[in-house]
Amino acid sequence: MYSEVVMDHFKKPRNVGEMKDPDGVGEIGNPVCGDMMNIYIKVKDGIIQDISFQTFGCGAAIAVSSMLTEMAKGKTIEEAKKITNKSVAEALKGLPKNKLHCSNLGADALQLAIRNYEDKKAGKVRVKLPMEDVHTHTEGDLCKCPYCSGDVDQGLEFCSNCGREISDTH
Amino acid sequence: MKVTNLDYISANPLLPEVRDAMIEAIKKDYGNPSSAHSLGDEARNILEKARERVALLINSPSPDDIVFTSSGTESINHAIKGVAFANAKKGKHIITSNIEHNSVLKSLRRLTKSGYRVTSVEVDKNGLVDPANVHKAITDQTILISIMHGNNEIGTIQPIKELCCIAREKNVLFHSDCVTSVGIMPVDVQELGIDLISFSANQFNGPSGVGGLYIRKGVNLWPLIDGGGQENGRRAGTENLIGIIGMGVAAEFAHQEMQSRLSHMKKLKNRLITGLKEKIDDIIINGHPELSLPNLVSLSVKYIEGESIVLMLDEEKIIVSTRSACASGSLRASHVLLSIDLDYADAQGTLVITFGKATTEDEIDRFINVLKNVVATLRDMSPLYKKSNT
């Protein structure tokens, strides 16, 4: 089901754990969807010196978190802002289509952590952002049917391409 | 290291005797049981022998009441749609429960597109249907009640005999999805007083791709598959003779060894539940504490997700199944687990552990010990674990 790179990161996840006194924290997801991720960053001279994660989720979600931390570590904030869910999935040599949406939230969590860091630095106190504000679909604007990979409109019970039943909470 | 299979519900290993009988049958090159010549006679005889063995397993009054199908799913589709179509003039109302298998749910959902009405009764926290609710749901339009015997996710066994009584009183047909129970625990169609049951060979060490449907004499239902006159005109298509032979042998052994297998599985189940409770914190054993399948344990591990657990156990050569949304094709949390009021996060961390005749106590112990480590590793990673402990 998963690529070798995914399984490697799942079996030996890098940078696991909560961070003491982080400069920025990004939390995303909820257990209804199946996945939750926390990303912690430590920033010095505009560079992400340390990063760690905590994840509740499937194999893909854990591998995504681990890969993301490796990709972001040592990068400048500006470079890290360019990391997308898509680039994480590519670095993992692909994810199953039906996992691209729900489990591939690592970059979103990182962006939240960066925003949290920048807000703190600017002395702003911002209420937690709802997930929808930062969530971007990996491939274009639409979700994909887990069966035929066709585009799926929000709120449909059946895939309009293949007629098969899909989750209404995808 | 040998693989520890605790996912019998996905596919039982074939009994060696079943495998031998099937290989023999392949070598023998049987004819078509419907042919009039001698090659056909031979095939027909062996087909009917298998039917007798299956009839004995469920105490069917006659082997003729058994129809061989391609799967439990086909049997269920046949029973539900067959009764619905045959009785449409009488009424278009069907009663079911909230925790049925998808083959029941989706058959019924499709019927609702053709004007049928479905009432689904709730279950309690242990997954039990209250017969009084079924009684209340019956109208003069009701033609069928379909409620499963042993639940495939939480193991809870419904009071089928009592429910059949209610149905008979009201002159409504009763079907039960007995896929998880036939061949595992005693299922006696005469004692239950039931009209239709569906079952599958791969749940009792027979091959996949063969199922059975018991149809009580006098019950009207349309065929699902039209064509030749096979299976007394109830199911067209040349029979899967090799598979059916395997099912017959598996049924015979399940019947003969029923009591010894039951006591073996009960012992394993007790050991498993006791060991899990002793070694792992914050777990839930789902389903009814007594009225439950002897070969199934539904376990929710708090703060972690099921697919991750399955993958990590797989690395240790232990095979189990999960009902987490992530592992299912639809990415939706299990309707059964939500029906017994598990919260979403706990439903996500649910494993279905199933075992059988060949499972040993050592395998159960090894599973518990390995699971303990896997749980610790995943909980260390989980933001939910931290939150719940602060």
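Colleague: Leaving aside neighbours within four places in sequence, with which residues is Lys217(B) in contact?

Modeller: Contact means heavy atoms within 4.5 Å. By that rule Lys217(B) is in contact with Ser62(B), Asp64(B) and Asp65(B). The side chains of Lys217(B) and Asp65(B) are joined by a polar contact of 2.9 Å; a polar contact is a pair of N or O atoms within 3.5 Å, where within protein one must be able to donate a hydrogen and the other to accept it, and residues adjacent in sequence count only if both atoms are side-chain atoms.

Modeller: A word on conventions: this is a predicted model, in which local features need pLDDT of at least 70 and side-chain atom pairs count only at pLDDT 80 or more, while totals for chains, interfaces and linings use all residues. Residues are numbered from 1 along each chain as its sequence is written, chains are lettered from A and ligands numbered from 1 in the order in which they are written, and side-chain values use heavy atoms, with hydrogens and water left out.

Colleague: Where is the place of Lys217(B) in chain B?

Modeller: Lys217(B) is in the loop between strand 8 and helix 8 of chain B. Helices (H or I, at least four residues) and strands (E, at least two) are DSSP runs, numbered from the N terminus.

Colleague: How is a pair of aromatic rings described?

Modeller: Such a pair is described by the distance of the centres and the angle of the planes. Rings of Phe, Tyr and Trp (its six-membered ring) pair if their centres lie within 6.5 Å; planes under 30 degrees apart count as stacked, over 60 as edge-to-face and the rest as tilted. The structure holds two aromatic pairs over all chains. In one of them, Phe85(B) and Trp222(B) are tilted, at 5.9 Å centre to centre and 45° between the planes. Phe85(B) lies in helix 3 of chain B and Trp222(B) in the loop between strand 8 and helix 8 of chain B, so the pair ties together parts 137 residues apart in sequence.

Colleague: Into which domains is chain B divided?

Modeller: Chain B has domain 1 (4–12 + 258–388) and domain 2 (16–256), with bounds from an automatic or database domain assignment. In contact are 30 residues of domain 1 of chain B and 34 residues of domain 2 of chain B. Between these two domains of chain B the count is zero salt bridges, but 13 residue pairs in polar contact (both at pLDDT 80 or more). Helix 9 of chain B gives the most to the side of domain 1 that touches domain 2, with five residues.

Note on methods: Salt bridge = Lys/Arg side-chain N within 4 Å of Asp/Glu carboxyl O.
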